[in-house]
Amino acid sequence: ADPDVAEALAGLAALVAVRDDARATTADAADEPSASEGLLVRVTIAPVAALPAVRAFMVLQRLGALGALHDVRPADPMQDARFDGTLAFRIVPSSPATDADAVAAAVRAAGEIADVRVESVAETSPAPSTPEPASPAAVPAAGRQVRIDAARLDALLDLAAELVPARGRVAAAAARGADALLAGAVADAGRLIGALHEQVLESRLVPVGEVFERMPRLVRDAARATGKRIELTTEGGDVAVDRAVLDALADPLGHLLRNAVDHGIEAADARRAAGKPEAGRVTLRAVRARDAVEVAVVDDGRGVDAARVLERARARGLVGADVTALDDARLLAVLANPGFSTAERVTAVSGRGVGMDAVLARVRAVGGTLALHTAAGEGTTWTLRLPLTLAVTRALLADAGDGATYALPLAHVRETLDLPPEPESDADGRPALRVRDRLPVVGLLGAAVGGAPERSPLRGCREAAVVEVAGRRVALAVPAFGGQPDLVVKRLPDVRGALRIFGGATILDTGAVALIVDVPALLSRLSP
């Protein structure tokens, strides 16, 4: 049978009418440029730009005066959390005299532009198309973020941290009973408390790139003040640390970078004579190291002049006349003396008496360490080792034998050993342990922290913890160890006259208070 096509023809006629209306509307809109008109511009912001989104905004502002901008991607760089420094758009110049060269010059005038390409839209295939609306699943994560007051987040962390010792006490009480149902419930609650605490801790973690982004400007200013060319490279900006650690990291990094530019990198003529490129290279690198983060400042300069430092140290009475050389550890100890500087005159970059002592004090305040490695003519590496978080630390509990319990952060504990009845002696006659190829000195933990007096021989001590800071090892003898729990750190207030060898206090599962030993500060008090 012949099909009935009347309904289909009526639908097609309606579509033709809509098409004709659309063509008429397009013809009337003469002010709308065709997609094949204008110039296609691609801009790449320089990686060293401190605020790439602001530079992109300045580019759009400058070109907005030359013509109409269309198909801008991203539409608003200032609000795009994923902006990577690449900007693309189409410009229809308002004047025939505005050509590709004029557009490129206007882009470069915005400053900190790595690359700009201008092409005719007619010569580019395919023409830029309007991006399709993103699906809900493709919406960037920044759209789902909320702002929380840092004080509120700190309070939440404190509450979650208090659950950790409470969990231990409940588990210990349940273990003394014989109720299997209660034990299972306590185990489930403990697991949930642990997961909650971990999530709260992760909510405070931020990438170190937030601090790294501030450093290119600082290096450029220091290079300009010293008349040197510096190439700064950053690596590992996505490594996450606690917000409190990040805040404490900015000032030490700034000082180390200024030192690298002023003291480390040679002048251009000296670098040419040494066969090096005229531009000095400085690298800022962050890597995850177990339960800590290591941030290194590396330069390819002349290295620390150990002979000059030794001469200044002798003049100030910091080392004896019999000292003929300084290794990296002792070199750092000398440089960290308050007011010590090798600068001949005070400048805007150095010589102001605020030196490595300020850096070391700031790093130690957050439970970190500072190490130095230098080679003459090859460069210097400063390594800051910082905890991932200041709220919780894993530590080795040690009974000091005088009724007190101390906590040694595992970040500094190399190993634990059984203490022999008769330890060996080092060259100075002090008791020492043979640990493979090394002979760390043995000292009583209780005596080292100002508690029980030193006993000889080490009576009553059966074990020792070998701790290490910047390559220096010391064995701390104790009667017994008490486990390796995760401890909630409570910072101690600064008290005049107090020993600066404790990084905080914690409450154990038993309800007792234990002091957390600041191992770098403790080893700095002990004689080398």
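Okay, so H8 and H12 run roughly antiparallel to each other, because their angle comes out at about 155 degrees. On that scale, under 35 degrees is roughly parallel, over 145 is roughly antiparallel, 65 to 115 is roughly perpendicular, and the rest is oblique. Before I go on, this is a predicted model, where local features need pLDDT of at least 70 and side-chain atom pairs count only at pLDDT 80 or more, while totals for chains, interfaces and linings use all residues. Residues are numbered from 1 along each chain as its sequence is written, and side-chain values use heavy atoms, with hydrogens and water left out.

Back to the helices. H8 covers residues 243–264 and H12 covers residues 356–365, and their axes are 9 Å apart. Those axes are lines fitted to C-alpha atoms, for helices over the stretch in contact, with angles running from 0 to 180 degrees between N-to-C directions. The crossing of H8 and H12 is left-handed; that is the name when the near helix is turned anticlockwise from the far one by less than a right angle, and clockwise makes it right-handed.

Who makes the contact? From H8 you have Asp247, Ala248, Asp251, Pro252, His255, Leu256 and Asn259, and from H12 there's Met356, Val359, Arg362 and Val363. Contact here means heavy atoms within 4.5 Å. Sorted by class, the contact of H8 with H12 has six nonpolar, two polar and three charged residues. The nonpolar class is Ala, Val, Leu, Ile, Met, Phe, Trp, Tyr, Cys and Pro, the charged one is Asp, Glu, Lys and Arg, and the others, Gly among them, are polar.

Now another helix pair: H2 (residues 52–64) with H3 (residues 100–108). They pack at an angle of about 140 degrees, and their axes are 9 Å apart. H2 and H3 are therefore oblique to each other, and their crossing is right-handed. On the H2 side the contact uses Val59, Arg62 and Leu63, and on the H3 side Val103, Ala106 and Val107. By class, the contact of H2 with H3 has five nonpolar, no polar and one charged residues.

Let's zoom out for a second. The protein has 14 helices and 23 strands; these are DSSP runs numbered from the N terminus, with helices being H or I of at least four residues and strands being E of at least two. How much of the protein is buried? Of its 528 residues, 38% are buried. Buried means under 20% relative accessible area, exposed means over 50%, and partly exposed is in between, using a 1.4 Å probe and protein chains only. And of the contacts with a separation of 6 or more, 66% are between residues 24 or more positions apart.

Next, the aromatics. Searching the whole structure turns up one aromatic pair. Tyr406 and Phe502 form that pair, stacked, at 6.1 Å centre to centre with 10 degrees between the planes. The rule is that rings of Phe, Tyr and Trp (its six-membered ring) pair if their centres lie within 6.5 Å, with planes under 30 degrees apart called stacked, over 60 edge-to-face, and the rest tilted. Tyr406 sits in strand E13 (residues 405–409) and Phe502 in strand E22 (residues 502–507), so the pair ties together parts that are 96 residues apart in sequence. Both Tyr406 and Phe502 are buried.

Staying with those two strands, have a look at His412, in the loop between E13 and strand E14 (413–418). His412 is buried, at 8% relative accessible area. Not counting residues up to four places away in sequence, His412 touches Gly367, Thr369, Val466, Val467, Glu468, Val469, Val519 and Pro520.

Over in strand E22 we find Ile507. Buried or partly exposed? Ile507 is partly exposed, with a relative accessible area of 44%. Leaving aside neighbours within four places in sequence, Ile507 is in contact with Pro165, Arg169 and Ala512. Ile507 and Leu487 are 20 residues apart in sequence and 7.8 Å apart in space, C-alpha to C-alpha.

Last bit, the backbone. Most residues other than glycine have a negative phi, and most peptide bonds are trans. Here, the peptide bond from Arg73 to Pro74 is cis, with omega near -5 degrees, and Pro74 is in the loop between strand E2 (67–73) and strand E3 (86–93). Asp71, in strand E2, has a positive phi of about 55 degrees although it is not a glycine. Asp71 is partly exposed, at 23% relative accessible area. Glu112 also has a positive phi, near 55 degrees, and lies in the loop between H3 and strand E4 (113–120).
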